Amino acid sequence: MRIAMIGTGYVGLVSGVCFSDFGHDVICVDKAEQKIKMLQAGEVPIYEPGLDTLMAKNVAAGRLSFTTDLTAAVSGADAVFIAVGTPTRRGDGHADLTYVMAAAKEIAEAITDYTVVVTKSTVPLGTNRQVKQTIHKANPTAEFDVASNPEFLREGAAIDDFMHPDRVVVGVQNDRAAEVMADIYRPLYLRDFPILTTDLESAEMIKYAANAFLATKITFINEIAGLCERVGADVKEVSRGIGMDGRIGNKFLHAGPGYGGSCFPKDTAALARIGQDNAFPMQITETVMRVNDQVKNRMVEKLRDALDGTFNGKTVAVLGVTFKPNTDDMRDAPSLTIVPTLIGGGAKVRVVDPQGYAEGEALLPGVKWMDDPYHAVRNADLVVLLTEWNEFRALDLKQLAKKMDVPRMVDLRNIYSEKSAKRAGFELYVGVGR
């Protein structure tokens with residue numbers, strides 16, 4: 001199959017590279033000339049484990065290329081994927097479809113033969129029909145169908161998720177489009193991975209419903225964690241106990257400082273807005289959003305209490321600022337609430353993160369970036385574990401404690417235990433829900 005991937009952001013680049021590894025001929029398109037030059041030079045503009053190696057392999061095999069020329073990429077393609085950004089629109093919570101519709105119009109002008117135009121971006125219900133109308137209006141003679149193919153990629157594990165998915169969701173309007181999509185995903189079908197073919201609106205809804213449910217699960221355990229602190233229970237034991245129930249499952253039940261990233265905040269806001277627009281308020285989702293903000297603020301108060309009620313004049317080492325490990329993504333990360341509050345309160349903040357500097361430098365002004373946790377805690381009043389990178393899972397706690405002026409730890413990921421921290425010389429250890 002010949003595939004054009006419009007957009008080389010996280011979803012577009014990962015999907016394009018993986019499709020080429022299926023054996024398809026893939027051209028990735030982006031308007032950003034500098035990004036395309038980087039990709040053509042073999043440089044990956046995002047951090048995703050294994051992506052650089054897989055990209056180089058398929059470029060060398062002649063199945064993968066990069067261009068700014070959308071017309072050339074779309075001409076003769078069997079399928080064109082739209083994988084551009086859909087950021088939350090300021091003021092109303094709607095997903096901004098400006099880039100999606102602009103791409104649809106350009107695709108319309110470049111179509112030469114029958115093509116399936118596939119929306120990979122996360123879009124509100126009805127968007128695929130709008131894409132169809134936009135293409136038909138721009139090119140009434142174009143022979144095409146539209147399809148919805150939402151992505152379910154976890155940052156940090158995206159390649160494995162693409163190659164070994166829980167399911168592939170495809171929304172179509174007719175058998176011809178379904179056959180093209182089946183050919184594209186045939187390598188997965190042959191290995192018995194589930195492929196759900198449904199209508200456009202159901203495919204669009206599946207994506208939002210899945211992310212809202214997972215955000216709800218995270219927020220639920222974070223709220224339970226708050227209650228555990230009041231009654232003396234241990235949220236890790238509670239999570240283990242309820243996670244053993246097959247109806248609940250043990251994933252997304254790790255208490256922490258709240259969800260962030262590129263999907264959950266944006267998609268819960270969009271789903272809430274879709275409900276409002278259709279006179280059917282999504283009350284659970286709206287509550288999840290509100291409670292998640294409260295969770296982040298509760299983490300700030302944990303730090304304040306650990307520093308005797310004030311940040312002023314204190315030195316704090318923060319380990320991890322990306323929203324999760326194995327990514328450089330800072331979007332809606334809890335650190336964007338916590339770190340500015342520390343600085344605003346008069347604290348000196350040192351940050352260690354294996355990949356956070358690229359985006360964090362601009363987003364977290366006033367912090368000192370360091371490479372070594374043991375240097376970062378020197379003469380500090382508090383160390384905060386905020387992102388559970390592997391580098392922070394086996395720290396020498398005795399060495400950390402010795403280097404600090406006041407050995408205090410707030411562990412917002414429950415990596416360690418109060419017993420191990422106290423044994424290492426910490427005078428204070430604070431976790432979440434314990």
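Q: Is Leu253 buried or exposed, and what decides that?
A: Buried means under 20% relative accessible area, exposed over 50%, and partly exposed in between (1.4 Å probe, protein chains only). Leu253 has 3% relative accessibility, so Leu253 counts as buried. This is a predicted model: local features need pLDDT of at least 70, side-chain atom pairs count only at pLDDT 80 or more, and totals for chains, interfaces and linings use all residues. Residues are numbered from 1 along each chain as its sequence is written, and side-chain values use heavy atoms, with hydrogens and water left out.

Q: Where is Leu253 found?
A: Helices (H or I, at least four residues) and strands (E, at least two) are DSSP runs, numbered from the N terminus. Leu253 sits in the loop between H11 and H12. Phe252 lies there too, between helix H11 (235-243) and helix H12 (264-277).

Q: Which residues does Leu253 touch?
A: Contact means heavy atoms within 4.5 Å. Not counting residues up to four places away in sequence, Leu253 touches Lys217, Ile221, Ser239, Ile242, Gly243 and Ile248.

Q: What is the place of Ala255, and which residues is Ala255 in contact with?
A: Ala255 is in the loop between H11 and H12. Ala255 counts as buried, at 9% relative accessibility. Leaving aside neighbours within four places in sequence, its contacts include Ile221, Val235 and Leu412.

Q: What is the phi of Phe252?
A: Phe252 has a positive phi of about 65°, although Phe252 is not a glycine. Phe252 counts as partly exposed, at 29% relative accessibility.
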